[in-house]
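Subject: Handover of a structure with its ligand

Dear colleague,

Please find below the structure that I am handing over to you. My findings follow it, arranged by topic.

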Amino acid sequence: MNWENHVRKVVPYVAGEQPKNQNVIKLNTNENPYAPAPGVAQVIQNFDCEILRKYPDPDVSVLVDVLAKYHGLDSSQVFVGVGSDDVLAMSFLTFFNSGKPILFPDITYSFYDVWANLYRIPYERQALDDNFYIKKEDYTKKNGGIVLANPNAPTGIMTELSVLEEIIAANQDVVVIVDEAYVDFDGKSCVPFIEKYDNLLVVQTFSKSRALAGMRIGYAMGNPKLIQYLNDVKFSFNSYTMNALTIAVGVASVVDEVYFRQNIAKVVATRERTKIELAKLDFTFGDSKTNFIFATHKIVPAQEIFEALRANQIYVRHWNKPRIANYLRISIGTDEEMDKLITFLEQFLSKEKI
Ligand SMILES: *Cc1c(COP(=O)(O)O)cnc(C)c1O
């Protein structure tokens, strides 16, 4: 009768809506609008199901090796998981164990506080400035670790690498996690700092820039000791997190760098064009280095625009949270999708302003 008192109660993360209706313009979860590399389809079509008889490689070696090569690292510096959410959750469990509060911004990826609560890790949110930039002095107080998304989500704002380096250097007694989910869209990566700072863990994902959100591949890079500790926790939890097909798909994506660059260039070009159009419609936004734009309208409340878009089968993301309730996060779709969005906004806003 009392069992409920002893349950590990948590408030789960709320992901962006995945509408059942396929005919919507879906700009609400930062998925890539283009297909994954052509080699991915080939791997899936030619996959020998006989392989599934056996357990997959628990070390995910072939994927670890191509990722290490791609980033100019040693394989001992790479850890692969089932999406970066898995890698980040594992990292929180492994590295944030001091009892002291970990630090992250007040406006950031809303999974960080969920994991902290799940693992009973104390945390303190640090307020971004009015333009959504981090204040580096907030990250030099005593803490049990730091996690920063760079570029940040949902703001799209990128912290200068020199600022990040100061934070990493000032916190060598704890692990600093930099979540680079969006770094491929014009951002600058902290990976080069790995050789210099053994307390830095950089996390990336195949979900956005590699158009493989449905496959679930993420990874962490850092000093071999950090990676070893992560593996120890992983192998204490589930040795076979990544399945055999996913491993093969991951490799096919990484080896096609030409396609990868082309895909990113298209998304970035569409983003820059969309910025110009949104500005014409009286939206304001920071300098996004991601595949989304976090925008507020000078007159019309975000909630109203969100609802009007949704009623017209255009899904964007809106949070009823302090400081950001008047913002919309608009993922970058194809040019055609963004044209439809802009055309609808032109009509809707011209009516609203009369
Ligand atoms: C999308 C996203 C992730 C999670 O990505 P998956 O690899 O799909 O789990 C992690 N961090 C941030 C900031 C993201 O936006």
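The largest pocket of this predicted model holds about 1000 Å³ of space. Its lining is made up of 46 residues, of which Tyr13, Val14, Tyr109, Ser110 and Arg317 are the closest to the centre of the pocket. Sorted by class, the lining comprises 22 nonpolar, 12 polar and 12 charged residues.

Several elements of secondary structure take part in this lining. At least two residues each come from α3, β3 (102-105), α4 (112-118) and β4 (123-126). The element that gives the most to the lining is α3, with 4 residues.

The ligand is the next topic. Where does the ligand sit? Its place is in the largest pocket, and 13 residues surround it there. The closest of these residues are Ser84, Tyr182, Thr205, Ser207 and Lys208. By class, the shell around the ligand divides into 5 nonpolar, 4 polar and 4 charged residues. Helix α3, which spans residues 83-95, gives the most to this shell, with 4 residues. An oxygen atom of the ligand lies 2.6 Å from a polar backbone atom of Ser84.

Which form does the peptide bond from Asn150 to Pro151 take, cis or trans? This bond is cis, with omega near -5°, and Pro151 belongs to the loop between β5 (146-149) and α5 (161-170). The peptide bond from Ala153 to Pro154 is also cis, with omega near 5°. Pro154 is likewise placed in the loop between β5 and α5.

Val60 is found in another part of the chain, in the loop between α1 (38-45) and α2 (61-71). Phi of Val60 is near 50°, which is a positive value in a residue other than glycine.

With kind regards

Technical notes:
Residues numbered from 1 in each chain as written. Predicted model: local features only at pLDDT ≥ 70, side-chain atom pairs only at ≥ 80, totals over all residues. Heavy atoms only, no water. Near = heavy atom within 4 Å. Polar contact = N/O pair within 3.5 Å; in protein donor to acceptor, adjacent residues only side chain to side chain. 1 Å grid on protein atoms, 1.4 Å probe; cavity = no way out; pocket = protein on both sides within 12 Å on 5 of 7 lines; lining within 4 Å. Sits in = over half its atoms within 2 Å of the grid points. Nonpolar A, V, L, I, M, F, W, Y, C, P; charged D, E, K, R; others polar. Points joined across faces, edges and corners; volume = space filled by probe spheres on them.
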